[in-house]
Amino acid sequence: MKKATPNKGVKRLRQYMKKNDKNQNEISYMVDTNPQHLCRILAGRYRPSLELAVKFQELCSIPPKAWITDVD
């Protein structure tokens with residue numbers, strides 16, 4: 001089974017979590033999503049919905065297009 005390659009959205013969210021000392025449960029609460037869903041997003045298995053991508057933008061300035069492509 002091929003391992004998923006994290007996109008820029010995942011990389012930037014992980015940086016935000018590390019910089020702000022936040023764990024997956026805290027982030028999932030802040031953006032109102034299930035912790036298991038966030039885990040799948042961070043693993044690269046799922047991409048966030050547009051609604052969730054907007055919440056990530058409001059929380060940590062990750063533009064929604066970062067979840068779709070490899071552009072900043």
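This is a predicted model: local features need pLDDT of at least 70, side-chain atom pairs count only at pLDDT 80 or more; totals for chains, interfaces and linings use all residues.
Residues are numbered from 1 along each chain as its sequence is written, and side-chain values use heavy atoms, with hydrogens and water left out.

**Entry 1: the chain.** I looked up the helices and strands (DSSP runs, H or I of at least four residues for helices, E of at least two for strands, numbered from the N terminus). The protein chain has four helices and zero strands. Its pattern along the sequence is α-α-α-α. I then checked burial (buried is under 20% relative accessible area, exposed over 50%, partly exposed in between, with a 1.4 Å probe and protein chains only). Of the 72 residues, 31% count as buried.

**Entry 2: helix 3.** Which residues of helix 3 are buried? I found Leu38, Ile41 and Leu42, in a helix that runs over residues 35-42. They cover an arc of only 95° around the axis (taken from the directions from the helix axis to the C-beta atoms), so they sit on the same side of helix 3. An α-helix has 3.6 residues a turn, so residues three or four places apart point the same way. The cover over these buried residues includes helix 1 (8-19), helix 2 (24-30) and helix 4 (50-60).

**Entry 3: the two ends.** Asn34 caps the N-terminal end of helix 3. One of its side-chain oxygens lies 2.7 Å from the backbone nitrogen of Gln36. Just after helix 3, I saw that Gly44 has a positive phi of about 85°.

**Entry 4: helix 1 against helix 3.** I compared their axes (lines fitted to C-alpha atoms over the stretch in contact, with angles from 0 to 180 degrees between N-to-C directions). The axes come within 9 Å and cross at roughly 120°. Helix 1 brings Val10, Leu13, Arg14 and Met17 to the contact, and helix 3 brings Leu38, Ile41 and Leu42.

**Entry 5: Thr33.** Is Thr33 buried or exposed? I found it in the loop between helix 2 and helix 3. Thr33 is buried, with a relative accessible area of 18%. Not counting residues up to four places away in sequence, Thr33 touches Ser28, Leu38 and Leu52.

Conventions. Contact means heavy atoms within 4.5 Å. A polar contact is a pair of N or O atoms within 3.5 Å; within protein, one must be able to donate a hydrogen and the other to accept it, and residues adjacent in sequence count only if both atoms are side-chain atoms.
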